[in-house]
Amino acid sequence: METFKLTPRAKKYLKDMLWVQKDIWKLPDNYPHYAIEYCEKFSESIVNKKYSSEERSALFAELHKRQMIMQGPFWLGDDIVVGGFWNKRESTRNIFERVFPTGKELQGKRILEIGSMSGYDSFYLNLLKPQYYLSIEPSGYYYQAEFLNSIYKTKIDFKQWFWQDIPQKLHGSFDLVLNCGCLYHEYDIISMIKKTTELLRMGGSIVLATNIIKKRKYADYIKYMPDVYAGDMTYWFVIGEKCLFRLFASFGCEGKLIFKGGAAGDAGKGKTVEGYPLEEYNFYLFTKTAEKSRPLITIPRY
Ligand SMILES: C[S@@+](CC[C@H](N)C(=O)[O-])C[C@H]1O[C@@H](n2cnc3c(N)ncnc32)[C@H](O)[C@@H]1O
């Protein structure tokens, strides 16, 4: 196991995750139990891996420094499975088996994932052998992805970037962009849609997952609703499907619904923790069919 020294900057980002993990999600100290056979095999390098007791202690000490892993489960070899408070296995399989049914569609392709958290979807799609996978996550979760990758030893290019940091030289260069679970956290959504569609090559696609207004009569609205979602201060709005499609059409993309992923934020009683009605959480595929963009301000920046 490769160990990374956490810089003071990294420690700050990791500390920032605590309010969400402790105050909002109130995570217990132990990970949920998952059988090894249930977990994805993200790397051949772990299949025959056996950990000595020293290696085991070192591994958990390193993990401990990186706070709890939300996504998962992640099998790390031997009998070690971590993460999985948020069980990603079914939804990740459901979506990508639909979008890439032969499993060969991504061979030789360039993928960008924004807001990849600890990298669950990145590790999953990397199994489909893309030529290049850029996986960006600005928060402390980046350090978890980096650590997991030191065990899986994949070629995924993990970067601690915001989508705003993606350099212009990469515009037009990606076959697939993943934007899952990020739009409703974003206060600058038109910029986000503009930037991510500009990153696509013509004919390339975006898989986008977001909260969608359930009532069809409000399909061309955006409903601004902070403070309704399990105390999550980064949740801003829910968008109507028609509105979403029109926004993407303005940037040359045609959309289709690929999967209804249920209703995020269900506190178990068909309402959010704060008692608000649940909306939908849907997955869409947007394909770039025209070179079309709009300036966000009237004066271009050079
Ligand atoms: C709800 S999580 C979704 C994680 C993952 N995409 C999934 O679906 O399992 C949203 C992620 O977006 C990240 N994020 C927030 N602002 C971002 C930005 N400006 N650029 C890229 N990612 C961002 C958050 O840190 C968080 O990890």
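**Domains, core and ligand shell of a predicted model**

With 24 C-beta neighbours inside 10 Å, Tyr142 counts as buried; a residue is called buried if 20 or more other C-beta atoms lie within 10 Å of its own, exposed if 12 or fewer, and partly exposed in between, with C-beta atoms placed from the backbone. The structure is a predicted model, in which local features need pLDDT of at least 70 and side-chain atom pairs count only at pLDDT 80 or more, while totals for chains, interfaces and linings use all residues. Residues are numbered from 1 along each chain as its sequence is written.

Tyr142 sits in helix α6. Helices (H or I, at least four residues) and strands (E, at least two) are DSSP runs, numbered from the N terminus. Leaving out residues up to four places away in sequence, Tyr142 touches Glu137, Phe158 and Gln160, where contact requires C-beta atoms, placed from the backbone, to lie within 7 Å. Glu105, by contrast, is 37 residues from Tyr142 in sequence, and 27 Å separate the two C-alpha atoms.

The largest nonpolar core holds 63 residues, of which Val177 and Phe248 touch the most other members. Such a core is a set of buried Ala, Val, Leu, Ile, Met, Phe, Trp, Tyr and Cys residues joined through C-beta atoms within 7 Å. Helix α6 (residues 141-152) gives the most to this core, namely eight residues. Both domain 1 (8-82) and domain 2 (86-288) supply at least three residues each to this core; the domain bounds come from an automatic or database domain assignment. As for Phe248, its contacts beyond four places in sequence are Ile193, Cys253, Gly255 and Phe286.

How do the two domains meet? The centres of domain 1 and domain 2, taken over C-alpha atoms, lie 23 Å apart. Contacts link 21 residues of domain 1 with 21 residues of domain 2. On the side of domain 1 that touches domain 2, α1 (8-16) and β1 (71-72) each provide at least two residues. The largest share of that side, four residues, belongs to α1. Sorted by class, this side of domain 1 has twelve nonpolar, five polar and four charged residues. In this scheme Ala, Val, Leu, Ile, Met, Phe, Trp, Tyr, Cys and Pro count as nonpolar, Asp, Glu, Lys and Arg as charged, and the others, Gly among them, as polar.

A ligand is surrounded by 20 residues, the closest being Gly115, Ser139, Phe162, Cys180 and Gly181; a residue is near a molecule if its C-beta atom, placed from the backbone, lies within 6 Å of it. The shell around the ligand is made up of ten nonpolar, seven polar and three charged residues.

Helix α3 is followed by Gln67, whose phi is positive, near 65 degrees.

Most residues other than glycine have a negative phi, and most peptide bonds are trans. Against that background, a few backbone features deserve a mention. Gly72 and Pro73 are joined by a cis peptide bond with omega of about 0 degrees, and Pro73 lies in the loop between β1 and β2 (74-75). Asp78, in the loop between β2 and β3 (81-82), has a positive phi near 55 degrees. Asp78 is partly exposed because 16 C-beta neighbours fall inside 10 Å. Lys129 likewise has a positive phi, of about 55 degrees, without being a glycine. Lys129 is placed in the loop between α5 (120-126) and β6 (132-136) and, with 14 other C-beta atoms within 10 Å, is partly exposed.

Two further loop residues complete the picture. Lys215, in the loop between β9 (200-212) and β10 (222-224), is exposed because 12 other C-beta atoms lie within 10 Å. The C-alpha atoms of Lys215 and Glu279 are 8.3 Å apart, although 64 residues separate the pair along the chain. Pro226 is found in the loop between β10 and β11 (237-239) and is exposed, again with 12 other C-beta atoms within 10 Å. Beyond its neighbours within four places in sequence, Pro226 is in contact with Tyr235 and Trp236. From Pro226 to Trp236, ten residues away in sequence, the C-alpha distance is 4.6 Å.

Note on methods
Two residues are in contact if their C-beta atoms, placed from the backbone, lie within 7 Å.
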